[in-house]
Amino acid sequence: MEHEPAGVLLRRTGIPISLSVLYMTLARKLGVQLEPVNFPNHFLLRWCQHQRGSGDIYDFVYIDAFGKGKQLTAKECEYLIGHQVTADYYSAISTTEVLLRMVGNLLNIGKRGEGNEKSYQLLRDSLDLYLTINPDNVQYLLLQARLYFHLGIWPEKVLDILQHIQALDPSQHGAVGYLVQHTLEHIQHKKHPVEPEVKRRSAPEHVEVQYSVGLIMKHKRSGYNCVIYGWDPKCTMSQEWITTMRVHQLSSGANQPFYNVLVQDGTCRYAAQENLEPHSAPLEIAHPEVGRYFSEFHDSHYVANEELQTRYPEDMAETLGTVRDLYHRLTPCSGQASGQQESPKGTGGSSQDQKSQENQEAMPM
């Protein structure tokens, strides 16, 4: 994990870039001019042993601050990472580029986080700092907009960010349009809040619902992997959508349960029950909205967060039972994490505010 210089001094430990910054600062105090080198996977420093301003990489001694200040030749630097690199990687970089790499390290830690409040806070702070230094980076602007949208905060700022992205890169209109639509819906919902619809599997009208939220599924026809985050006992989309998606070609048509799913490719879809099956080897779904509905991935399924459990109060017990029957790997902490007691398998329900996402789907059921 990245340590700021003060933390490195206190802990007497750090990663290559942190140690390099300290090493370079101390050298400068002693009158030795070192330059930072943005070497891949291992930050280095360099000192020109000939005329300053040389463009020949072999005119420099390279210093590995992380390796106790070991002095290296250009060739020896490649041994650190196990492969050859072009001369560009031996060039000196600016202070701004050093900061961007340090903040980039923090961003990577935040993105690899467990979806808890601490990791979200780190990601937010890192994005704010990165975009202060480099305000026109479309990739990180879009990540910031998605993060704020996911956390349900500052919807007006999200719209400003999206407008800026559209001005910088019109080719992002698809992602921008999607977020604009749902951000406006979020603003409208805040002005006119609606109590979430509660769906119980035990209700007679939900008897045909076979699957539950949190299960990892595979689409039989399209082959994609996904996780269920909602369901309806019958297709609730408009007739236009049903026709466009050729739902009538399914054996049970629209008169069967449909599931809101987060797909591995980052899309949200609305899939018919007959087209889904439990995944033979459950895996985590790398979707930006996973943290919006689930608190954690536990071994073979996702654990619904408090809001989702409120909407589907009987689903986690059903999910735990299904996991036990399918994978024989249920552990005691699974039940504790879900906060639900096991119960006999039942049936299911729906959530209105989830459906607008599925209108983006443009693939057959």
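Among contacts between residues at least 6 apart in sequence, 59% join residues at least 24 apart. Contact here means heavy atoms within 4.5 Å. The model is predicted, so local features need pLDDT of at least 70, side-chain atom pairs count only at pLDDT 80 or more, and totals for chains, interfaces and linings use all residues. Residues are numbered from 1 along each chain as its sequence is written, and side-chain values use heavy atoms, with hydrogens and water left out.

**Stop 1: the whole chain**

Select everything. The chain holds 14 helices and 11 strands. Both are DSSP runs, numbered from the N terminus: helices are H or I with at least four residues, strands are E with at least two. Of the 365 residues, 47% count as buried. Buried means under 20% relative accessible area, exposed means over 50%, and partly exposed lies in between (1.4 Å probe, protein chains only). Now show the surface. The chain exposes about 18900 Å², and carbon and sulfur atoms supply 52% of that area. Such areas come from the Shrake-Rupley method with a 1.4 Å probe; for residues, only the protein chains shown count as cover.

**Stop 2: two helices**

Select residues 16–29, helix α2, and residues 95–111, helix α4. They pack at an angle of about 145 degrees, with their axes 10 Å apart. Axes are lines fitted to C-alpha atoms, for helices over the stretch in contact, and angles run from 0 to 180 degrees between N-to-C directions. Which residues of α2 meet α4? Show Ile-17, Ser-18 and Val-21. Their partners in α4 are Val-98, Arg-101, Met-102 and Asn-105. The residues of this contact divide into four nonpolar, two polar and one charged. (Ala, Val, Leu, Ile, Met, Phe, Trp, Tyr, Cys and Pro count as nonpolar, Asp, Glu, Lys and Arg as charged, and the others, Gly among them, as polar.)

**Stop 3: the open sheet**

Next, find the open sheet of five strands, in the order β8-β7-β6-β5-β9 with antiparallel pairing. Two strands pair if DSSP finds at least two bridges between them. Which strands stand at the edges? Select 268–272 for β8 and 276–278 for β9. Each has a single partner strand, so one side of each is left without a neighbour in the sheet. Look along the sheet: the twist averages 50 degrees from one strand to the next.

**Stop 4: β5 and β6**

Select residues 216–219, strand β5, which pairs with β6 in the antiparallel sense over three bridges. Ile-216 stands opposite Val-227 in β6. Five residues lie between the strands of this hairpin, where Gly-223 takes a positive phi near 80 degrees. Then select β6 itself, residues 225–232. Eight of its eight residues are buried, so β6 is largely enclosed by the rest of the structure.

**Stop 5: β7 and its neighbours**

Move on to β7, residues 258–263. Strand β7 is mostly covered: six of its six residues are buried. Show the side chains. Phe-258, Asn-260 and Leu-262 point one way, while Tyr-259, Val-261 and Val-263 point the other way.

On one side, β6 and β7 pair in the antiparallel sense over six bridges. Val-227 has Leu-262 as its bridge partner in β7, and Ile-228 stands opposite Val-261.

Now turn to β8. Five bridges join β7 to β8, and the two run antiparallel. Asn-260 stands opposite Tyr-270, and Leu-262 has Cys-268 as its bridge partner. Finish at the turn. Four residues lie between β7 and β8 in this hairpin, and Gly-266 has a positive phi of about 95 degrees.
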